[in-house]
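Student: I have a new structure open and I'd like to learn how to read it. Can we go through it together?

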Amino acid sequence: MFEHLKEQPKDKILALMQAYKDDPRDTKIDLGVGVYKNPQGVTPIMRAVKEAERRWWDEETTKAYTGLAGDPAFTDAMINLVLGNSVARDQFSAVATPGGTGAVRQAFELVRMANPEARVFVSDPTWPNHLSILKYLGMETIMYRYFDNASGGVNFGGMMEDLGQVRKGDVVLLHGCCHNPTGANLNMVEFKAVIDLMNEKGAIPMIDIAYQGFGDGLDEDAAATRAVAAGCPETLIAASCSKNFGIYRERTGLLMAVAQDKSMQAIAQGNLAYLNRQNYSFPPDHGARLVGIVLNDDDLRADWKAELEEVRKGMLSLRTQLADELQKLSGSDRFGFLAQHRGMFSRLGASPDQVEKLRADHGIYMVGDSRLNIAGLNKDTVPVLAKAVVEVGI
Ligand code: PMP
């Protein structure tokens, strides 16, 4: 049987991580992998998460199964964090999932179950896993124009023109904040225009929000998601706790389905739980439990927020430093977009050859599409990157 299997393409980022590890130069800089790193290059366990873990070690008395939807203290706290009071509690259903990836995967599966004809519109470019999961599920995928390489911003005119082709029942996937891989985001006026267009066409928005708190602040980063959930008849939201709680390997995420028609709540909830059951039965509990503890305790929540703010501001200041440094060295403002972008990533707009030259000549590792992880820098390596960027002729 196994002889019928085809070799799967290698994951480019994992291959890049390996190449970085094997590089003997001690001046090498890793801007590839998508995890937050502090200025010392460490992905830390957040203080509040560590404390929650300590408390939970004392309090936990059983490892018996949780409910199919996960721990309600987690789901309720996360609903609150993402949606605030933009929609009433009886308008939505939610389940815990293994990471944001689990939520994305099951959101697509829910779409396919409800409407096998639905086409999914995704930004060009988008997080590559969106595309590979959609392909795996056999769902028709259409890319809409998004990133404008020349300006480093969003090609909003092109995006709206392409979304003009959506049909009733199609799904439009939007990044809630901190677009991965480009770092370029819609403003709220543009988001409202997208909401109007989707409503006019009868399309269903799906939001992937994986970096809440990494851009402009927890509420600011959720503003678009809240506007969509409040402004569209139906919305799917996939949220990840990997980045903002720093619990990548715990696999903690949440899938929400919001409907203005409250009679849909029970049926949506039943279907979300059904999908959990078919895929893995019960969602992982440990990370979700820690998030629930942190968010439901005033002191831990305040400390988590403070640490997240430090992380966010640190990345913003690296952005400004990099944009300034490049301005100085290149004598042009064309890298100003780096300071406008939000989140962990920016697309530099370099060609694959230039990306390869950065790696070979300067030991600077970034993804082939020239996505760089801002958190891979610190104030000493920013000038090194800026000099290399100019030398390579980007
Ligand atoms: N969506 C996007 C856009 C992401 O960048 C990520 C993380 N790379 C995820 C979802 C899911 O992350 P995880 O499964 O680790 O929670």
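Student: How many residues of E10 are buried?
Tutor: First the term: a residue is buried if 20 or more other C-beta atoms lie within 10 Å of its own, exposed if 12 or fewer, and partly exposed in between, with C-beta atoms placed from the backbone. In E10, seven of the seven residues are buried, so this strand is largely enclosed by the rest of the structure. Strands (E, at least two residues) and helices (H or I, at least four) are DSSP runs, numbered from the N terminus. Keep in mind that this is a predicted model: local features need pLDDT of at least 70, side-chain atom pairs count only at pLDDT 80 or more, and totals for chains, interfaces and linings use all residues. Residues are numbered from 1 along each chain as its sequence is written.

Student: Which residues of E10 are on each side?
Tutor: In a regular strand the side chains alternate between the two faces of the sheet. Here Gly253, Leu255, Ala257 and Ala259 are on one side of E10, with Leu254, Met256 and Val258 on the other, and both faces are covered.

Student: What stands opposite Met256 in E10?
Tutor: Strands of a sheet pair through backbone hydrogen bonds, either parallel or antiparallel. To count as a pair, two strands need at least two bridges found by DSSP between them. E2 and E10 are antiparallel, with six bridges, and Ala94 stands opposite Met256. E9 and E10 also run antiparallel, joined by seven bridges; there Ile237 stands opposite Met256.

Student: In what order do the strands of the open sheet come?
Tutor: The order is E2-E10-E9-E8-E7-E3-E4, seven strands with mixed pairing. At the edges are E2 (92-97) and E4 (141-145), each pairing on one side only. Over towards E4, strand E3 (residues 120-124) runs parallel to E4, with five bridges, and Ser123 has Tyr144 in E4 as its bridge partner.

Student: Which helix packs on the sheet?
Tutor: That's H4 (residues 99-114), which touches E2, E3, E7, E8, E9 and E10. A contact means C-beta atoms, placed from the backbone, within 7 Å.

Student: Is Asp148 buried or partly exposed?
Tutor: Asp148 has 18 C-beta neighbours inside 10 Å, so it counts as partly exposed. You'll find Asp148 in strand E5 (residues 147-148). Beyond neighbours within four places in sequence, Asp148 contacts Gly153, Val154 and Asn155.

Student: And what share of the whole protein chain is buried?
Tutor: Buried residues are 45% of the 394 in the protein chain.

Definitions and conventions:
Contact = placed C-beta atoms within 7 Å. Axes fitted to C-alpha atoms, helices over the stretch in contact; angles between N-to-C directions.
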